[in-house]
Every structure is written in C-alpha cells, then in structure tokens.
Amino acid sequence: MPLQKFIVHPNHFYCKGMEYTGRSPDSPINKKNMERYRAHFGTSPGVCALLWNEISTIVPRKYCFKHILWGLMFLKVYATESVLAGKIGVDEDTFRDHMWVVIKAIASCKLRVIKFEKRLEKRNGSMCNLTVDGTDFRIQQMVPFWKGWFSHKFKGPGLRYEVGLNIQTGCICWINGPFAPGVWNDLQIFRLTLKTRLPPGEKVEADDGYRGDERVSTPMDAQNMHESLMKDNARGRHETVNRRFKQFNCLSQVFRHEI
C-alpha cells in the first residue's frame with residue numbers, strides 16, 4: 001500500500017510499541033521484535049496504522065496514534081488496568097478512559113468493514129460464496145444460574161457468534177450474535193437470519209454440524225477428491241480465523257467486563 005495512504009507511518013507504531021514493551025524505540029525490525037510486538041498488541045504495526053486511518057476522525061482530537069496501542073494492549077494482554085497502566089507509564093484512570101474510547105471506536109468500524117455484499121468479491125461462479133461457522137467465547141457465570149449459557153466446547157458459560165468468510169478472499173463478511181450456546185446450535189442460528197439473506201440458488205459451505213439444510217454444502221456433499229480437498233481448504237481457513245480471534249486474551253480467557 002502506498003505510504004501516503006497512512007496518516008501515521010507503521011514505523012511510528014513500531015517505535016512506540018517497542019517503547020511500551022520495555023525496549024528501545026530504535027530496536028531493529030526483525031522476527032524476534034515483531035513477535036514481541038504482536039505479543040503485546042496482537043497485530044502488526046501496519047494493521048495498527050490502518051486502524052488509525054479508520055478511527056482518527058472518530059476519537060477526540062486530543063487523542064493520538066499511541067492511544068490505539070493502549071486499547072490493543074488491553075485486548076491482547078487482558079491484564080488488570082494497574083498492570084497495563086504501569087507498562088504504559090500513566091495512572092489507571094488515564095489509561096482506562098483512553099483505552100475504552102479507542103476500543104469503542106474500533107468496534108464502531110464493524111458496519112463499514114464487515115459487509116455482507118463483500119462475499120461476492122472475486123466470486124468464481126460457485127453456489128457457495130461463504131464459509132460459515134459458530135465460535136464460542138468464555139464469560140463469567142451469570143447470576144442467577146441458567147443452563148442456557150453452557151457451552152459444550154469448553155464446559156462452561158459462554159456466548160456464541162456466527163461468522164461468515166468470503167471463500168475466495170478470506171475476509172469476514174458476516175457476524176451474527178451473541179447467542180446462548182446451550183439454547184442455539186449452529187444450524188438454528190444459520191436458519192434464523194443468514195439463510196433468509198441468501199438469494200435463490202446460493203448456499204454456504206459449512207461443517208457437518210449444519211447437515212440437513214438444503215442451503216448448506218457440507219463435507220458429505222463432495223462429489224470427488226478434488227472437491228473434497230477444496231472444501232477442506234475453505235473450512236481450514238475458517239478455523240484459522242477462529243483461532244486468531246482467540247489470540248486476543250480478552251476472547252480466549254473469561255471476559256470479566258460488562259457484556
């Protein structure tokens with residue numbers, strides 16, 4: 001991407017990020033330091049720069065690019081505010097106020113970035129443009145207790161979201177949720193909304209948990225080895241995206257903030 005498209009160059013995010021990790025801002029850009037960067041912020045300096053392009057006009061004018069790193073560090077590390085504020089070098093109130101503004105600004109990008117019509121980009125004439133799967137996230141035990149929150153995937157309370165990816169590009173084009181995983185299985189969630197959005201003749205690619213619906217193509221529908229391999233590749237990419245969600249500790253650990 002041309003450099004002029006960045007409001008703030010990724011190198012500035014890298015230098016500030018290295019400072020927050022306790023290393024010199026002049027640290028060389030190498031594999032080890034990039035691993036350290038991702039361990040603290042969950043993504044690359046380039047993605048941070050793109051995020052700032054998206055939210056710089058949304059956050060208050062006094063905010064600058066470094067505050068994105070505060071929000072991302074919270075989402076990635078998900079330690080206590082005292083710990084994270086200490087790493088940043090500010091008091092807890094300052095960290096909390098700026099961090100939540102940034103996180104809400106990032107969340108507001110959903111409608112601009114995740115668009116159902118993007119499933120048609122680079123379409124190749126196949127009946128299936130999306131892979132679909134449900135993924136569960138841990139939450140604290142609700143009071144009073146209700147078995148509907150129980151997720152069999154990790155044997156505890158959680159929330160379920162339906163995610164759809166463009167098969168050709170891998171971009172997320174659909175998110176629906178949250179749902180109580182003890183009440184809603186993947187096929188029920190699909191039939192509730194996404195199925196009604198599909199035009200006649202279009203299907204989605206999904207695993208065997210969706211078997212039994214005429215608008216879903218599952219592994220059992222493969223006609224030959226080549227088609228079976230293509231289906232495996234598409235579902236494998238989707239599982240990779242599900243794993244990447246969980247690279248952020250706020251989504252892999254029990255979410256302890258307000259839902």
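1. A contact means heavy atoms within 4.5 Å. Helices (H or I, at least four residues) and strands (E, at least two) are DSSP runs numbered from the N terminus. Buried means under 20% relative accessible area, exposed over 50%, and partly exposed in between, with a 1.4 Å probe and protein chains only.

2. The model is predicted: local features need pLDDT of at least 70, side-chain atom pairs count only at pLDDT 80 or more, and totals for chains, interfaces and linings use all residues. Residues are numbered from 1 along each chain as its sequence is written, and side-chain values use heavy atoms, with hydrogens and water left out.

3. The chain holds ten helices and six strands. Its C-alpha trace spans about 55 × 50 × 35 Å along the principal axes. Of its 259 residues, 43% are buried. Among contacts with a separation of 6 or more, 58% are between residues 24 or more positions apart.

4. Helix α1 covers residues 10-20, and its buried residues are P10, F13, Y14, K16, G17, M18 and Y20. The cover over these buried residues includes α2 (31-41), α3 (45-55), α4 (66-77) and α5 (81-88). After α1 comes G22, with a positive phi near 90°.

5. A nonpolar core is a set of buried Ala, Val, Leu, Ile, Met, Phe, Trp, Tyr and Cys residues joined through side-chain atoms within 4.5 Å. The largest such core has 38 residues, of which F13, Y37, W52, I55, I68, F74 and F95 touch the most other members. Elements giving two or more residues to this core are α1, α2, α3, α4, α5 and α6 (92-107); the largest share, seven residues, comes from α4. Leaving aside residues up to four places away in sequence, W52 touches I7, V8, F13, V59, Y63, C64, F65 and I68. Another core, of 13 residues, lies apart from the largest one and includes W174, F190, V204 and A206.

6. On open space, a pocket is defined on a 1 Å grid over the protein atoms alone: a cavity is a set of points where a 1.4 Å probe fits but cannot get out, whereas a pocket is an open set with protein on both sides within 12 Å along at least five of seven lines, and lining residues have an atom within 4 Å of a point. Grid points are joined across faces, edges and corners, and a volume is the space filled by probe spheres set on the points.

7. The largest pocket holds about 2,400 Å³ of space. Its lining has 46 residues, with I106, I114, I175, F245 and L251 nearest the centre. By class, 29 of the lining residues are nonpolar, seven polar and ten charged. Here Ala, Val, Leu, Ile, Met, Phe, Trp, Tyr, Cys and Pro count as nonpolar, Asp, Glu, Lys and Arg as charged, and the others, Gly among them, as polar.

8. For the second largest pocket the volume is about 480 Å³. It is lined by 17 residues, and S126, I167, E205, M230 and K231 are the closest to its centre. Two or more lining residues come from each of β5 (203-205) and α9 (225-245), with the largest share, six residues, from α9. This lining has five nonpolar, six polar and six charged residues.

9. There are zero disulfides (pairs of cysteine sulfur atoms within 2.5 Å) in the structure. C15 is in none, and the nearest cysteine sulfur, that of C48, is 13 Å away. C171 is likewise in no disulfide, with the sulfur of C173 the nearest at 6.2 Å.
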